[in-house]
Amino acid sequence: MEGFKIIMTWRSVICFREFACRCAVIRGLCGLALTFPITAALSGKIYAGSVTGFARLVQSSDSAVKKRGDLSGVVVWLTSIEDTARHSVQKHTQMLQKDKRFSPHILPIETGTSVDFPNLDPIFHNAFSNYDGEIFDVALYPPGTSRTVRFDRPGIVRIFCNIHPSMSAIIVVLNTNHFAITGREGRYLLSNVTPGEYQLHFFHERATPETLAKLTQNIVVKDDVELLEAATAAISEAGYLPVAHKNKYGQDYPVDGDKADGYSLQTK
């Protein structure tokens, strides 16, 4: 009986080991079956990866750059070399008017996006643009109200207030959904980029169009690379010459224009 017990014990151990091995194989196969579609989706044609890099501001006279090293505010985007069709979306965003400022100061959007201009100040405002981008004038409107403009043309839209000369902002309208804006350290990240050939573009408000055009890079996003590091763009501000803008009538602002509340203009 003792020998029989020992034989049964060893047989049990052997059987248990075989059973455990078979379970491990089954688990491995199941894990592989579950993991493969996810891996394929992340590294294949469904999802390619991201494009990242840095944009530096050089020869700048701006105190935020010189003293604090703030490299934010550079708009970066990709345009497909293979797909040049025009895109339009039904999106909504906003640019606030508060404390006599537009916020955000730089706003990249996709073509077809509607932008609300809510007036959060206790005074009147009049947002307008008469530059090369989307020309518009929402007219004078009171505190607590808003106006909306749809932007259908790609381009740089420089925005001002007809009452307060210090108020300015820029909307960058892009025919792509691959865009980003740099943080303080100058880093940008463009996510969910499908494989293909692209051009990488840059915009900064204190750089000339000629300077920015020279920074355009051709890149290839491959389906087996999850993160592509682009060459650092050094954006020179050397040719930037600030010019005082006019109001929407092409006239100079009053000397004390920033102190105006707009109430005296609502009947004009």
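**Pocket, strands and ring pairs**

Let me start with the largest pocket: E2, strand E5 (101-103), E11, E12, E15 and helix H3 (209-213) each supply at least two residues of its lining. Helices (H or I, at least four residues) and strands (E, at least two) are DSSP runs, numbered from the N terminus. Residues are numbered from 1 along each chain as its sequence is written, and side-chain values use heavy atoms, with hydrogens and water left out. The model is predicted: local features need pLDDT of at least 70, side-chain atom pairs count only at pLDDT 80 or more, and totals for chains, interfaces and linings use all residues.

Back to the pocket. How much space lies in it? About 1,200 Å³. Its lining has 44 residues, and closest to the centre are Arg-158, Ile-170, Phe-203, Glu-205 and Tyr-240. E12 gives the largest share of the lining, 6 residues. For the method: on a 1 Å grid over the protein atoms alone, a pocket is an open set of points where a 1.4 Å probe fits, with protein on both sides within 12 Å along at least five of seven lines, and lining residues have an atom within 4 Å of a point. Points are joined across faces, edges and corners, and the volume is the space filled by probe spheres set on them.

Stay with E12. Is it mostly covered or mostly open? Mostly covered: 6 of its 7 residues are buried. Buried means under 20% relative accessible area, exposed over 50%, and partly exposed in between (1.4 Å probe, protein chains only).

Now its partners. Two strands pair if DSSP finds at least two bridges between them. Strand E6 (residues 106-110) pairs with E12 in the parallel sense, over 5 bridges. There, Glu-110 stands opposite Leu-174 in E12. E11 and E12 run antiparallel, joined by 6 bridges. Ile-156 faces Val-172 of E12. E11 and E12 also make a hairpin, with 6 residues between them.

Next, the cores. A nonpolar core is a set of buried Ala, Val, Leu, Ile, Met, Phe, Trp, Tyr and Cys residues joined through side-chain atoms within 4.5 Å. The largest has 30 residues, and Val-51, Leu-78, Leu-190, Leu-200, Phe-202 and Ile-235 have the most contacts inside it. Strand E1 (49-58), strand E2 (75-80), strand E12 (168-174), E14, E15, strand E16 (217-221) and strand E18 (233-236) each give two or more residues to this core. Apart from it lies another core, of 21 residues, among them Ile-159, Cys-161, Ala-169 and Val-173. Contact here means heavy atoms within 4.5 Å.

On to the rings. Rings of Phe, Tyr and Trp (its six-membered ring) pair if their centres lie within 6.5 Å; planes under 30 degrees apart count as stacked, over 60 as edge-to-face, the rest as tilted. By this rule there are 4 aromatic pairs. Why is the pair of Phe-128 and Phe-160 called tilted? The ring centres are 6.1 Å apart and the planes are at 45°, so the pair is tilted. Phe-128 sits in strand E8 (residues 127-129) and Phe-160 in strand E11 (residues 155-161), so to speak distant parts of the chain, 32 residues apart. Phe-128 is buried, at 1% relative accessible area. Phe-160 is buried too, at 8%. Tyr-188 and Phe-202 form an edge-to-face pair: 6.1 Å centre to centre, 75° between the planes. Phe-117, Phe-136 and Phe-151 are linked by ring pairs into a cluster.

Tyr-131 lies between E8 and strand E9 (136-137). At 36% relative accessibility, Tyr-131 is partly exposed. Leaving aside neighbours within four places in sequence, Tyr-131 contacts Arg-158, Phe-160 and His-245. The C-alpha atoms of Tyr-131 and Arg-158 are 6.5 Å apart.

Last, backbone geometry. Ser-103 and Pro-104 are joined by a cis peptide bond, omega about 5°. Pro-104 is in the loop between E5 and E6. Lys-100 has a positive phi, near 60°, and is not a glycine. Lys-100 lies in the loop between strand E4 (96-98) and E5, partly exposed at 28%. Asn-192, also not a glycine, has a positive phi of about 55°, and is found in strand E14.
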